[in-house]
Amino acid sequence: MEQKIRVLVAKPGLDGHDRGAKIVARALRDAGMEVVYTGLHQTAEMIVETAIQEDVNVIGLSLLSGAHMTLFMDVTKLLKEKGLDDVLVIGGGIIPEEDIPKLKKVGVSGVFGPGTHCDDIVDFIRKNVKK
Amino acid sequence: MYDKKKLDNIKKNKEEWNKDCYAKHVATHAERKKDFKNLSSLDIKNIYAPDDISHLDYEKNIGFPGIYPFLRGIHPTMYRGRLWTMRQFSGFGSAEETNQRYKYLLEHGETGLSVAFDYPTLYGYDTDHKLSRGEFGKCGVAISSLKDMEILFSGIPIDKVTTSMTINGPAAIVWAFYVANAENRGISKNDIGGTIQNDILKEYIAQKSFIFPPEPSMRLIVDTFEYGYKEVPRWNTISISGYHIREAGSTAVQELAFTLGDGVEYVKWAIKRGLKIDDFAPRLSFFFNAHNDFFEEIAKYRAARRIWAQELKKLGAKKDRSLLMRFHTQTAGCTLTAQQPEINIARVTMQALSAVLGGTQSLHTNSMDEALALPSAKAARIALRTQQIIAEESGVTNTVDPLGGSYYIEWLTDRMVEETYKYFDKVEKLGGVIPAIEKGFFQREIAESAYRYQKEIDEKERFMVGVNKYQMDEPVEIPILKMDEKGEERQINRLKNLRKNRNNSKVNRNLENLRKAAEGDKNLMPFILECVHSYATLGETCDILREVFGEYTEPAIY
Amino acid sequence: MKDIAAKVLGGDSRSIARLITLAENGSVEAASAMKEIHHSTGNAYVIGITGVMGSGKSTLIYELTREYRKKGLKVGIIAIDPTSPFSGGALLGDRIRMMELAVDNGVFIRSLGTRGMLGGLASAVYDVVEILDASGKDIILVETVGVGQAEVDVIKIADTTLVVLVPGLGDSIQTIKAGIMEIADIYIVNKADRNGVEQAVAEIESLIDISSVGKDRKTPVLTTIAKQKKGITELINEIDNHKNYLKKTKKFDLKRRNRYEAELVEIIRKRLMNFIFDESTFKEKVESLIDKISKKEVDPYTAADEILGKILK
């Protein structure tokens, strides 16, 4: 019957720039996904617990303050501890090229920086989500 | 504005020209687009002529620089007398590193300082707070105490150069750090100049670095107005901002309308407190974005000056200094690309030029690597040189308001004034600025514009060079800023020592006094200064206010 | 799926969440687990909250939850937002106001899209209530899609229905004669620090006076300022009062019965629709019948006769 892709869009840490996160949330909604938006100032615990309760297939992390290495890794580490290996984690924001391979190593499958076309994010999710 | 008979003739000729010369040409040489809209979705005509601005009265609607309505400029000489201040926003890592960068920029010709703080500081948390994890120094300098402020400005003549500080939630406290540091250095409060952003309304609307709810935040801001005009007369106690509203995705018209609406709201609150408008209004300042549509931006700045003068006159201001709008401008960060970053220099040049042609008092030009990381020294220097080239080589500073009289510019300026008043009416009907914020009005307008802009880019109705046109696959090869890895540890140790070596009973006493004052309605600045002088930290001071005022959470609006 | 049912009964969050997903998707495994857990349901008290957008429902729910938690009760929250009729997607943003509750393990929050259901609820909401109930929650708060006069289905599921209004939405109270103004067990005027509170309360009370003639309970009207935590204790007391009233007058059992009826109807409806339009061997036949209707070769009633005839055989 109806299987919707459920996505959690979260802003970890103190960064308040939410223009992109909101646009991505809307674009994913327009692509037929159910998007839970947590708002600002999320800790890794809040994000992971929400991901569990909402049984999401995807977590999208948005961060423009430069703290991505620490905070994205906090989330992927906690996900692993809780046994949520089947959740696709993607990220976006201001992330230097050289940090992308490091993020991929710790479990962030895709990084979508400035200039990304919304369709690319939708396609990536559809292709890589574990159903 | 023109002779009626001559005007009718021009109108007739224009119609003929449109039907004949223009139509014939377009029949065989189609225009590139079906319609030409600017970034606020206003339809832009093929040509503007005298009849488009004949409804304007030169004296009343346009005027001369230095007198009401100040549309053409707030001083009679503008850049012929003095250039705008070249004030590059910067800060990263620890106070030591940023101090070096400030000295570098001053050495290379910047004429004013501007401080960027890291996220923990912006939210009133010390570096060793749980929520500061991973955020130390990443998007600005970490300032947790008076000690850090001392290091930040060590060796810099703050009695000779002015400093702008981009801080909002804890602005009063960070200002107190600056003032206390000056006092400790033997510099009188009368001799220091600068600005604190201190504009909480736009935080709720766009930048989101709020701490407390609206009412107590406004109280704190009016406290700074009052303390400022009495004790620190050269200080601008607020920088009413449109920059962030624009960066969040608004149109130019929305930036103009929402910013000026916020400004009027601050004035009303101060008047309600009992302050006299001509006492505090001279020290209100503004901060605008310089975005891509060159002529729209210029029209926007001119419209802003006229609207502000009109509104403040309505509110009872009599002094010219109260009516004239002074503003700082920053080129639009959101227009810069991570792809082919060098071309951002061209974007910034265009945007900076529009700010100068619009009569800005102070300007920050972004660095080419903004979409990748914080600016490297070289990139920051090139951005500064951009301003210097405009100042020294372009000739645009030879006369005041060089674009005045352009049919297009005058028409557009007037249109933007009109559109702004439409927004004023809408907000009025919603009950005013703060009710409109609670109803999510501004946030929704901004989210809509942002979404529309992105759709236009995704669907190639609007182009971004390097992103959806003229793309290249070449790897980025510019140096990225590297910060001192030991900075965070150094800062945490500094905090530990500070807390150990200060007079803790004095600190606690001062914090308690602050709490009591916050629960009442005394002006909080003197109490904050006491705390700050005894080396209470930013976090400790903010925690008191958090306890008394509460914290704000925003509703969900897309 | 004996395993997942047992884990849900044990209160395991992941299993609760997973079973909710399976139920929402209408999967076969869900049905068998739901069968297992039904006998463990019935303990949770269900409170429905409806009201216009901007009335502060989410903040009210947040404050109610905190109060219930202080009493040591476990709380489940279901937040429903509209699914786009065009894309089938949904923006579920009610959690924003409740994020601090995320790490309280006595609270479970789930956001649902309406997925095509009208009436303000989501099709799977009955399942979600049962799942949260069986997992040990004492209170379940259901926040419906706010808005208009037709979003009244909340009464089918809630033991106590709260209708939240704000001052200044003014004349709308007068013009709403049916629908949302009929279903309240308790009215709440939130944001009571705004202008127009007394007027709003007066207008509601006059409506109540008219509709209470001959009834044994007069619907109370409360004022709250949720973001300042004012009026919350009074609200909880009124909810308790209502619960006692329901139990005393035996209306409680009737309400529950109605809920199970609605739940049964929904399960049957979903199964039927699924059978006819998605899974059945004659799905193509159905599609061709629709084409024939479009071409006026057959009328909708005859087509329905044909489809139902095949099923009922």
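Me: Two residues are in contact if their C-beta atoms, placed from the backbone, lie within 7 Å. What makes up the contact here?

Reply: Chain A puts in 27 residues and chain B puts in 31 residues. Keep in mind that this is a predicted model, where local features need pLDDT of at least 70, side-chain atom pairs count only at pLDDT 80 or more, and totals for chains, interfaces and linings use all residues. Residues are numbered from 1 along each chain as its sequence is written, while chains are lettered from A and ligands numbered from 1 in the order in which they are written.

Me: Why is β4(A) called mostly covered?

Reply: A residue is buried if 20 or more other C-beta atoms lie within 10 Å of its own, with C-beta atoms placed from the backbone. In β4(A), residues 88–93, six of six residues are buried, so the strand counts as mostly covered. A:L88, A:I90 and A:G92 point one way, A:V89, A:G91 and A:G93 the other.

Me: How do you know that β3(A) and β4(A) pair?

Reply: Strands (DSSP runs of E, at least two residues, numbered from the N terminus) pair if DSSP finds at least two bridges between them. Six bridges join β3(A), residues 58–63, to β4(A), so these parallel strands pair.

How values were computed:
Buried ≥ 20, exposed ≤ 12 C-beta atoms within 10 Å, placed from the backbone. Helix = DSSP H or I, 4+ residues; strand = E, 2+ residues; numbered from the N terminus.
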